[in-house]
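These are my notebook entries on one structure, written as I looked things up.

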Amino acid sequence: MATYIVGDIQGCFDELQQLLAKVEFNPNNDQLWIAGDLVARGPKSLETLRFIKQLGSSAVVVLGNHDLHLLAVSLGIHRVKEKDKTAAIFAAEDKEELLTWLRYQPLLAEHDEFVMSHAGISPQWDLTTARNASREVEQILQSEQWPWLIENMYANLPDFWHDNLQGIERYRYIINAFTRMRFCFTDGRLDMQCKLPPNEVDSNELMPWFDLPNRKDIGKTVLFGHWAALEGHFGQREVGLDTGCVWGGELTMLRWEDKQYFVQPALT
């Protein structure tokens, strides 16, 4: 059995299929872990959702910001943008089944040796806090309250974690940390604005979340996506797998057992 982890697919279904063929992925024996953003700017978001859903327990998925945005569009909170290329999902006969399945995916997935989330783990959280935070939001997403959560998740504050945060402010911080975070201020506050590569940031105030010196150690490797401008981050304790396939880069997959990387250049 092999465990494969792939970065943001964003509807790049053909590239995903090429990668799986390269590694001779067998869903009867192997697992495919997907670090969020299954859908959006690539040409085949519908095909991507259908394929991953039918993998059943052979696929482990976490939600990304584009996946949550898809749920917001389904509620009419936002309109389908042409650049997102997700209109086919809303015209599909199985759209409700697909959207419900998506809504039941977690924000954090855990392996014996690593954890995976879309953007990373808040530097203020230990593993227990991260687990509990993920479950809090997942319980709402999987309840009748989920429209309220999706409608009210769009804001950049609060940017600092306190155990006594309550209500939508608490849930918004959790969602932002798991699905939107890139840089943090040196005191641990989340920055929701900057999307540049770290070497292009002029400020002494901002650092990648994984470089904060006072970041809490969670005791496992963190696998994440979300940050295409990094062009991959291949550290010992943090691995960023978004290498910008949807922007003309590559789709990158890690086989965990031997730490071998496989790449598929964008086809279009």
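How are H6 and H8 oriented to each other, roughly parallel or roughly perpendicular? Before answering, I noted that this is a predicted model, in which local features need pLDDT of at least 70 and side-chain atom pairs count only at pLDDT 80 or more, while totals for chains, interfaces and linings use all residues. I also noted that residues are numbered from 1 along each chain as its sequence is written, and that side-chain values use heavy atoms, with hydrogens and water left out.

**Entry 1: H6 and H8**

I looked up helix H6 (residues 127-141) and helix H8 (residues 167-179), and found that they pack at an angle of about 110° with their axes 10 Å apart. Here helices (H or I, at least four residues) and strands (E, at least two) are DSSP runs, numbered from the N terminus. The axes are lines fitted to C-alpha atoms, for helices over the stretch in contact, and angles run from 0 to 180 degrees between N-to-C directions. H6 and H8 are therefore roughly perpendicular to each other, since angles under 35 degrees count as roughly parallel, over 145 as roughly antiparallel, 65 to 115 as roughly perpendicular and the rest as oblique.

I then listed the residues that meet, with contact meaning heavy atoms within 4.5 Å: Ala130, Ala133, Ser134, Glu136, Val137 and Ile140 in H6 meet Arg170, Tyr171, Ile174, Ile175 and Phe178 in H8.

**Entry 2: H1 and H2**

H1 and H2 pack at an angle of about 40°, and their axes are 9 Å apart. That makes H1 oblique to H2. From H1, Phe13, Leu16, Gln17 and Leu20 meet Glu47, Thr48 and Phe51 of H2.

In helix H2 (residues 45-54), I found that Ser45, Leu46, Thr48, Leu49, Phe51 and Ile52 are buried, meaning under 20% relative accessible area, with exposed over 50% and partly exposed in between (1.4 Å probe, protein chains only). The buried residues of H2 pack against several elements, including helix H1 (13-22), strand E2 (31-34) and helix H3 (65-74). H2 is followed by glycine 56, whose phi is positive, near 60°.

**Entry 3: the sheet**

I looked up an open sheet of five strands, which has the order E4-E5-E9-E11-E10 with mixed pairing; two strands pair if DSSP finds at least two bridges between them. The edge strands are E4 (109-110) and E10 (233-234), each pairing on one side only. Strand E5 (residues 114-116) pairs with strand E9 (residues 221-224) in the parallel sense over three bridges, and threonine 221 in E9 is the bridge partner of phenylalanine 114.
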